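Subject: Structure handover

Hello,

Here is the structure I promised to pass on. Please open it alongside this message and follow the notes in order.

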Amino acid sequence: MLLLGCIKEVSYYELAINLPNGLSGFVPVTQISDAYSKLLTKQVAQGDSLEELHSLPDIYSPGTLVRCIVTSIEKSDDGRRSVKLSIDPKKINKGLTSTALAAGMVLSGSVSSLEDHGYLIDIGVTGTHAFLPHEKAKNYIKAVKKGPDLKIGQNLNCLIVEVKNEGRVVCLSIDRSEVAASIATERQNWALSNLLPGLVVKARVQKVVPLGMKLKFLSYFTGIVDFMHMDPEKSMSYSPDQVVKACVLSVHPTSRAVRLTLRSPFLHPGGAPRQLPDQRMGAVLEEATVKAFYKQFGAVFELDDGTLAFARLKHLSKTRKSFKPGAFKEGSKHKCRIIDYSLMDEMCVVSLKHQIIEARFLQYQDIHTGDVVQGKVLSLKPIGMQVKVADGIRGLVPSLHLSDVILKQPEKKYNIGDEVKCRVLECNPGGKKLILTLKKSLVQSKLPVLANYEDAKPGLITHGFVVCAREFGCIVKFYNDVKGLVPKNELSSESISCPEKVFYEGQVLKVMVLKCEPQQERLLLSFRLSSKPGPEGKWICTPQEKQEVKYQIGEIVDVKILKKKDNGLEVSVLEDEDNVVAWIPTLHLSDFVATSKLLWHCLQEGDILPRVMYLSDKGEHIILSRKSAVISAVREEQVVRSFSEIQPGMLLTGYVRNVMPFGVFVEFPFGVTGLAPKVSMSDKFVTDTKDHFVVGQTVIAKVTSIDEEKQRVLLDLKVSECSSGDSAAESFAILNQYFKELKEIKDLLRKGEPSICELVPGKRVHLIVQDVREDGSALFSGSSVTGLTVTATRYHLGDKNVAPGEKRKALVLHVDALTSKVYVSLREELLKQRP
């Protein structure tokens, strides 16, 4: 059976394909094309990677439409069916012959080789050579952004431009505009034996019924459009004899049934279905309105954002017996959860089942490293135990992690179907990889979860497990494959001559972090929990190197800049006889990240910085901060000094330490750290956390709850939740501080770059046009802007045509002192407003 499908996920070994009516299938890496399979075989035989063989993620992208043919339907142990597909042109186009080829036809092809003037394309037709010139491919290559050339095995939607020698040679185009404009016609002599999915046709409505309609196309073909593929905007207005544009979805070889779609993204060959925003997947909707109920299929709902969703019959109630059709009258409202999205139907798939609505996990993205989860034993194999965590989510417990001790016969302790409590060691949603542990010491641990090197602060105590014991010491692993070394002298307070005889693989032990270098992924650990953590800069610290700490957190000092380094300033504390050296990270120069970078740029070695606050002492480093909001919070005692002082509802001033895909870590004075999850970061929908916060940004956070298990505070960063009451006064205070710091920067700039200080927004300047760029913007020069890059965008040139050498009046819009760039406008309406 031939079907039109849409790539949903791409891995190194297969393509996951979304098919019409909510179905799905898989294309193995061996079913791409003949040329690709030959390269795979050659690489396996040689044992070396081939330059011309690219991985599937390098060639294919989710959201791309492809023609597929069903090769087999396999049944798994749990009764589920798996549909295996192929996109090999030899199988897709097996009904076509060289004499049947005609100009204007659209069909599938696959790149078989790269030539001097273009590409040889495999269209699966025996005796036909298909050629794609470079000229007909360049726009497509630019649009898909997969490199400068097409790659062997890349599947293409090809338009036949010219047929020569009775079909023995054909010339192709994959230009998107040319392909999108094509419509299948009677002159192309399509037959039921070679009719292809993806063809766009003009059809006439023959009959309209409640669940769809019957169409006639290409003179003598008939096809069916079901209710999920009628245009939702026009589904009630179709009438017999009406002419519509339709796209072939599937062709069944035995029943000879043809199914079509009238949905708009499919009506242009090479189009792409709309995607569902990531944050909607798994969302629970309190009220979804029934638009239509079909007793044989399910119900169509309208969601809160106006989009449509479909629920199959089995997802409308807990059991068949409890199902009540009368509850799904048009207009009735129900609570549901989005469990999937059908790209080919452009429709969310929802469930009304209570257990699914309340489920903790629906997809791998919902699971985080360190989570404790319940699972059911599916199988026991030599490599470990397979555990079902939820529908569609499976994890592996490696044999090393089946127990606190190594089990020689795990089948005596575990049975298929047993409920087990695990902890997540590693989760990779992209690769659908979930690694779990059953070690009771890890599952029940109340110590912090160490899942990245950035969190490995000196002095941190946590649980880890031994993976290697040798004469040099022990290698200990944590979560997300984070690992470190316990050297021989840190194994115990007593000397251990043979560590491999004392420690065993898989042993869970408490360890303390002595030193961490995140960028090198180097971690130094100790089993001696009373050891002192090492310094920030070196692995070994001698007593002479350690400075005596005589400042308290919150103490204000004046400093002199000794050295400028890439990430901060090395300073000495003034009026201190011992010449104490301290460190100000660049991001602690100001509450404002952009101002911090600008201040670092303007400050010079030898400059004096007044009123800097002692923030912390990490090893040999004294850390200072110049963040005004943080200094005020400490001086006014609006801080917490330890984890035990934290209470829900508190408003605390801190700074962003790390931005992760799942949320933001915020650090406060005295070292307390909190996490603001993605849902609590902003009053707006958060798609990408990096769009909302940056490391070093000063924030006010509200404590929402305390996580005793992970020793972490959960925070809310929503502006609506983090105001103390007088939001206007707070805003003016922040603005006042910002302008105060800008004035300080301007004073510093006057010493080194006086010309940039004279250029303020709103000032009129006389400039000379230097160049007009391809995007329509222009570059200027002039005596008042010497050494600066002056630009006007195409919009700010107004309706004026400028040429190099011309003199023009301009208005300064913005000055970026950090990059020495000035942005100006030549628009008359702006220039007239200034005297």
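Where is the place of Gln154? In this predicted model, Gln154 sits in the loop between helix H4 (138–144) and strand S9 (155–164). Is Gln154 buried or exposed? Its relative accessible area is 3%, and the cut-off for buried is under 20%, so Gln154 counts as buried. The side chain of Gln154 reaches the backbone nitrogen of Lys151 at 2.9 Å. Leaving aside residues up to four places away in sequence, Gln154 touches Ile59, Tyr60, Gly109, Ser110, Val111 and Tyr140.

Next, the annotated spans. An unreviewed UniProt entry carries the annotation "domain: S1 motif" for residues 1–88, 104–175, 198–263, 282–353, 370–439, 459–528 and 649–718. Two of these spans have further values. Residues 104–175 are 10% helix and 47% strand, with the end C-alpha atoms 13 Å apart. Residues 370–439 are 0% helix and 54% strand, and the end C-alpha atoms of that span lie 13 Å apart.

As background, strands of a sheet pair through backbone hydrogen bonds, either parallel or antiparallel. One closed barrel is made of five strands in the order S16-S17-S18-S20-S19, with mixed pairing. From one strand to the next, the twist averages 50°. Gly298 has Arg312 in S18 as its bridge partner.

Another closed barrel of five strands runs S41-S42-S43-S45-S44, and its pairing is mixed. Neighbouring strands of this sheet are turned by 50° against each other on average, direction ignored. Strands S44 (residues 807–816) and S45 (residues 821–825) run antiparallel and are joined by five bridges. Leu811 stands opposite Ser825 in S45.

Last, the cysteines. A disulfide is a covalent bond between the sulfur atoms of two cysteines. How many disulfides does the structure hold? The number is zero. Cys422 is in no disulfide, and the nearest cysteine sulfur, that of Cys427, is 13 Å away.

Regards

Notes. Residues numbered from 1 in each chain as written. Predicted model: local features only at pLDDT ≥ 70, side-chain atom pairs only at ≥ 80, totals over all residues. Heavy atoms only, no water. Pairing = 2+ DSSP bridges. Helix = DSSP H or I, 4+ residues; strand = E, 2+ residues; numbered from the N terminus. Axes fitted to C-alpha atoms, helices over the stretch in contact; angles between N-to-C directions. Disulfide = S-S within 2.5 Å. UniProt positions renumbered as here; feature names shortened; annotations may be inferred. Buried < 20%, exposed > 50% of the residue type's maximum accessible area, 1.4 Å probe, protein only. Polar contact = N/O pair within 3.5 Å; in protein donor to acceptor, adjacent residues only side chain to side chain. Contact = heavy atoms within 4.5 Å.
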